[in-house]
Amino acid sequence: MIKIGIFSGEITDTGPINLVQQFTEFKITGIARATTKQDLAAQQYSIEDLLSNSDAAYIDIGKPPFGLIEMAIKNSNHLFLKQAPSLLLSEIKQLSNLQHEAGTVIQFFNPHVFLTENLKITGQLKKTKLINIRMPLAVDELETQLVELLLFLMVAEKSELKKIDVFAFEGNNKSSMTNIRIVFSSGTSVQIQLAEVFKPAQSLIEIFQKDEKYVSLQAHQPSTGMKKTEQNALFNFIRVIQQKSAISISLNELEKTLFILSEIREKLKYSGCTFLS
């Protein structure tokens with residue numbers, strides 16, 4: 001039995017509670033709310049008490065602060081994070097060292113990875129491949145959008161980054177777009193096209209591999225299907241804790257993701273585009 005504490009930024013906690021209760025492997029030890037760094041400081045003792053009495057933490061408070069993650073690891077908690085945090089690369093290295101010492105598991109939720117249809121395919125992508133991604137450009141949410149896509153790519157492609165090219169322009173009448181090309185040391189090439197003109201129904205992730213069937217993955221998920229996707233992620237979280245075969249999105253994938261994001265940010269800035277500024 002895994003004793004798990006729930007950290008929620010919601011007014012009501014019924015969503016996370018109902019989700020966690022789907023699994024007999026979990027026993028909920030308590031609930032704490034910590035929505036900002038200020039709240040974290042104000043509620044430090046209640047949060048610390050919950051962590052000290054739990055084996056794991058389900059964290060759904062937006063982008064969790066470094067201090068909360070650090071505190072959880074120091075209390076030897078396994079972590080399931082609903083949203084990836086905005087961390088410096090130096091902070092990720094610090095957390096990685098703490099995690100290694102504590103022997104804990106960190107799992108990040110990602111809607112592209114844990115969607116049921118995608119989950120069946122993602123772990124089988126072993127060969128050099130061409131990945132095309134097309135989605136609507138969400139200018140105000142571009143960083144979150146890219147982090148989600150890049151985390152998916154870090155699961156689908158394990159080789160080292162080789163090259164990044166970025167083309168983008170900002171325009172009126174929903175004409176803004178960006179095209180990102182990423183090449184890996186294995187030869188795998190990724191093309192991400194984000195444009196305001198694209199509709200959600202036009203979203204796609206397509207994958208080509210030599211001598212393998214063409215793969216088309218769902219890139220846009222209705223909110224009604226999100227519960228099952230979160231269940232898939234928690235199921236894999238449990239299997240990682242139990243040291244069984246599973247899909248894992250850890251600090252290692254996040255570090256690579258944020259490095260690529262910083263490169264994209266610099267190239268956008270150099271081109272005069274204010275995306276991610």
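Modeller: Let's start with a helix pair: Phe-66, Ile-69, Glu-70, Ile-73 and Lys-74 of helix 4 touch Glu-91, Gln-94, Leu-95, Leu-98, Gln-99 and Ala-102 of helix 5. Keep in mind that this is a predicted model.

Biologist: OK, what kinds of residues make up that contact of helix 4 with helix 5?

Modeller: Six are nonpolar, two are polar and three are charged.

Biologist: And at what angle do helix 4 and helix 5 pack?

Modeller: About 15°, with the axes 9 Å apart. Helix 4 covers residues 66-74, and helix 5 covers residues 89-102.

Biologist: Is their crossing left-handed or right-handed?

Modeller: Left-handed, as helix 4 passes helix 5.

Biologist: What about helix 5 and helix 10, how do their axes cross?

Modeller: They cross at roughly 170° and come within 10 Å, with helix 10 being residues 251-270. Over 145 degrees counts as roughly antiparallel, so helix 5 and helix 10 get that description.

Biologist: Which residues meet there, between helix 5 and helix 10?

Modeller: From helix 5 you have Leu-89, Ile-92, Lys-93, Leu-95, Ser-96 and Gln-99, and they meet Leu-251, Leu-254, Glu-255, Leu-258 and Phe-259 from helix 10. That contact splits into seven nonpolar, two polar and two charged residues.

Biologist: Switching topic: where is Ser-54?

Modeller: Ser-54 is in the loop between helix 3 (44-52) and strand 3 (56-60).

Biologist: Buried or exposed, that Ser-54?

Modeller: Buried: its relative accessible area is 5%, and the cut-off for buried is under 20%.

Biologist: What does the side chain of Ser-54 make a polar contact with?

Modeller: With the side chain of Thr-29, at 2.6 Å. Setting aside neighbours within four places in sequence, Ser-54 is in contact with Lys-3, Ile-4, Gly-5, Thr-29 and Asn-77.

Biologist: Last one. Where does Glu-230 sit?

Modeller: Glu-230 is in helix 9, which runs over residues 226-241.

Biologist: Does Glu-230 count as buried or exposed?

Modeller: Buried, because its relative accessibility is 12%.

Biologist: So what does Glu-230 touch?

Modeller: Not counting residues up to four places away in sequence, Glu-230 touches Leu-19, Tyr-58, Lys-82 and Phe-109.

Terms used: Residues numbered from 1 in each chain as written. Predicted model: local features only at pLDDT ≥ 70, side-chain atom pairs only at ≥ 80, totals over all residues. Heavy atoms only, no water. Helix = DSSP H or I, 4+ residues; strand = E, 2+ residues; numbered from the N terminus. Buried < 20%, exposed > 50% of the residue type's maximum accessible area, 1.4 Å probe, protein only. Polar contact = N/O pair within 3.5 Å; in protein donor to acceptor, adjacent residues only side chain to side chain. Contact = heavy atoms within 4.5 Å. Axes fitted to C-alpha atoms, helices over the stretch in contact; angles between N-to-C directions. Left-handed = near helix turned anticlockwise from the far one by under 90°. Nonpolar A, V, L, I, M, F, W, Y, C, P; charged D, E, K, R; others polar. Parallel < 35°, antiparallel > 145°, perpendicular 65-115°, else oblique.
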